[in-house]
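Please walk me through this protein chain.

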Amino acid sequence: MNMRLRSLVFLLAGLAPAAFPIHAQEAAPEQTAKTPTQIEVMQKIEDSWSDALAKRDQYGLELVLSPQFVNISAEGDVRTRNQEIANVLTKYPDLISLEQKVVTVRTMGDVAVVNGTYILRRRVNGKPVDEKGIFTHVYQRTRSTWQCINAQRTIVVEQAVNGKSASAPKQSKAELPFHIPLLHKGDEPASPAPASSDQPASTSSSQTPPQ
């Protein structure tokens, strides 16, 4: 009986090491699946930005925006980080919420270009209005996080929340980098007027004057 028990113990001890590599192989795909994608990483940062903007959280904005941050608003205004934060804290009382959705992310070393869509909800004459548009944010990796160094928004449509009325996008005051005028075919050139038959013929300069 003791011999059988000892044999069973030795058998289990021999099988135990073989089971560990199998368990490690099964755990590896699970760890890989949990690694967030670039879009998920940037979406989390954009969500933090939106929350800080809606709450007028100066510290939260400073964590997301780089000291070298430059913002080009949908109206064409250019502001630094300090100017942008001051604008949010003092001149943005009508802001209700901001939703930013990341669509694409391109990374080039420590620089990432993020493109997406946004819905900015604010109050106009006491009524909520949604400003919908697209954005481009340029991030730079600083230590273990990303900070935005450049931002630009473009309004696509601005409409009331109930959807009953809509207005055209606001015209930007920013100067366009170039402009291609529309080609227009002008009127056909007028044909020359025919010479009049009763017009006196010109005299030759070589004609001999009468004697």
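What follows is a set of questions and answers on folds, pockets and charged side chains.

Visitor: What kind of model is this, and what pLDDT do local features need?
Guide: Residues are numbered from 1 along each chain as its sequence is written, and side-chain values use heavy atoms, with hydrogens and water left out. This is a predicted model, in which side-chain atom pairs count only at pLDDT 80 or more, totals for chains, interfaces and linings use all residues, and local features need pLDDT of at least 70.

Visitor: What pattern does the protein chain follow along the sequence?
Guide: Helices (H or I, at least four residues) and strands (E, at least two) are DSSP runs, numbered from the N terminus. The protein chain has four helices and seven strands. Read along the sequence, the pattern is α-α-α-β-β-α-β-β-β-β-β.

Visitor: Is alanine 151 buried or exposed?
Guide: Alanine 151 lies in strand 6. Its contacts (heavy atoms within 4.5 Å) include Trp49, Phe69 and His137. Buried means under 20% relative accessible area, exposed over 50%, partly exposed in between (1.4 Å probe, protein chains only). At a relative accessible area of 1%, alanine 151 is buried.

Visitor: Which side chain of opposite charge is nearest to arginine 81?
Guide: Arginine 81 lies in helix 4 (residues 81-91). Lys and Arg count as positive and Asp and Glu as negative; His and the chain ends are not counted. A salt bridge needs a side-chain nitrogen of Lys or Arg within 4 Å of a carboxyl oxygen of Asp or Glu. Arginine 81 is buried yet has no salt bridge, and the nearest side chain of opposite charge, 5.1 Å away, is glutamate 62.

Visitor: Which residues are linked in a network of salt bridges?
Guide: The count of salt bridges comes to six. One of them joins aspartate 77 and arginine 79 (4.0 Å, N to O). Aspartate 77 is partly exposed at 39%, whereas arginine 79 is buried at 18%. The linked residues are Asp77, Arg79 and Glu84.

Visitor: What volume does the largest pocket have?
Guide: On a 1 Å grid over the protein atoms alone, a pocket is an open set of points where a 1.4 Å probe fits, with protein on both sides within 12 Å along at least five of seven lines; lining residues have an atom within 4 Å of a point. A volume is the space filled by probe spheres set on the points. For the largest pocket, this is about 380 Å³.

Visitor: Which of the lining residues are closest to the centre of the largest pocket?
Guide: The lining has eight nonpolar, four polar and 10 charged residues. Ala, Val, Leu, Ile, Met, Phe, Trp, Tyr, Cys and Pro count as nonpolar, Asp, Glu, Lys and Arg as charged, and the others, Gly among them, as polar. Of the 22 lining residues, the closest to the centre are Ser73, Glu75, Arg79, Tyr92 and Leu120.

Key:
Lists of a residue's contacts leave out its neighbours within four places in sequence.
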